[in-house]
Amino acid sequence: MIQSKGFSVSAIGLGLVSVTLAQNFAQMGNISSARGVILLGLPGTLALSAASLLFCAIALRYNLFSAQTWTGRLVSAAFLVWFGVELAGTVLQAQAVCRQQFSSNALIGLLPLLVLLSWRMENHAINYTARILWWVLLVGGIACLLGLGGRMHWQRLFGPEPASLWAAGLPQLRLYPEYFALPLLCTKGKEHSGALLPFWCFGIQAGYTLALELVLGRMRSPEYTGIELLRAWGMGYFSRLDALLVLFWLATALFRLCFLICCLRLLWREGLGFRPVKTEKEGTA
């Protein structure tokens, strides 16, 4: 069987892009302006990237994810809980989207099978699936831009602003376990590239907020959320392309579920040392 040691940076980044898009869909009215997100979010993103790189260097230097030391086991146990929380949050996000957009509880019935398959899935399968889904996102992104292009107006960026950028509050910069588990997750030698993942999330957040403001202006009513950007799509061919675009996102959310389960398996086996016992037949195969 082909085995790949570690996940590609693009596979790790795809899951982060998925959860960042979900945050953008759910953001309420009175959000920070695009100018505030870019100017105030960039320093925080730079700090996150530097912290990721520093922790990565420390983890590699002291072998923090090794099951051979108590320190390694404690660190791995902490990350096991953190990844578990992220898994639960992703399940809730995907289920909420299924209920709101498709009036379906199919995810609940699919979840046990998804867990079983993901626990046995090899790293190379995750990397291959990520490459396919990146193309799906690219097609969806291009279609979205084509449909929104005629509705974007630069003058909407220069509407009434608060007296200070700080008045609207700081943009949301979430911490994800992937930022700091790079020595365990990344293909060897790609950890430095993985430290740039905070900029991937920042780019998605800034780009989405900019497009939202160009199309709809500053949303000040709490009755509207970021999903209104997809509903504003229109080229005369489809009336509800937003459902198709949300379906594309749902595919990436299911990928993130599989990826997080693989991360839990990796921590369980490599970080905590609970490897499956091979039978004599398996050892000689």
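Predicted model: local features only at pLDDT ≥ 70, side-chain atom pairs only at ≥ 80, totals over all residues.
Q: What percentage of the residues in the chain is buried?
A: The chain has 285 residues. A residue counts as buried under 20% relative accessible area. The buried share of the chain is 45%.

Q: Is Leu116 buried or exposed?
A: Leu116 sits in helix α4, which covers residues 106–119. The relative accessible area of Leu116 is 53%. The cut-off for exposed is over 50%. Leu116 is therefore exposed.

Q: Which residues form a nonpolar patch on the surface with Leu116?
A: Nonpolar side chains are joined into a patch within 5 Å, given over 30% relative accessible area. Leu116, at 53%, is exposed. The patch has about 370 Å² of accessible area together.

Q: What is the volume of the largest cavity?
A: The structure holds 2 cavities of 30 Å³ or more. The largest cavity has a volume of about 100 Å³.

Q: Which element gives the largest share of the lining of the largest cavity?
A: The lining of the largest cavity has 13 residues, and Gln172, Leu173, Arg174, Cys201 and Gln205 are the closest to the centre. Two or more lining residues come from each of α1 (9–26), α2 (34–62) and α8 (197–216). The largest share is 4 residues, and it comes from α8.

Q: How many residues in the lining of the largest cavity are charged?
A: The lining of the largest cavity includes 7 nonpolar residues. Another 5 are polar. The charged count is 1.

Q: Which element gives the most to the lining of the second largest pocket?
A: About 590 Å³ of space lies in the second largest pocket. Of its 21 lining residues, Leu21, Leu137, Gly141, Cys144 and Tyr208 are the closest to the centre. At least two lining residues come from each of α1, α5 (123–148), α8, α9 (228–231) and α10 (241–271). With 7 residues, the element that gives the most is α5.

Q: How many nonpolar residues are in the lining of the second largest pocket?
A: The lining of the second largest pocket has no charged residues. Its polar residues number 4. The nonpolar count is 17.

Conventions. Residues numbered from 1 in each chain as written. Heavy atoms only, no water. Patch = residues over 30% accessible without salt bridge, like charges linked within 9 Å, V, L, I, M, F, W, Y side chains within 5 Å. Areas by Shrake-Rupley, 256 points an atom, 1.4 Å probe, with all protein chains shown as cover. Salt bridge = Lys/Arg side-chain N within 4 Å of Asp/Glu carboxyl O. Buried < 20%, exposed > 50% of the residue type's maximum accessible area, 1.4 Å probe, protein only. 1 Å grid on protein atoms, 1.4 Å probe; cavity = no way out; pocket = protein on both sides within 12 Å on 5 of 7 lines; lining within 4 Å. Points joined across faces, edges and corners; volume = space filled by probe spheres on them. Nonpolar A, V, L, I, M, F, W, Y, C, P; charged D, E, K, R; others polar.
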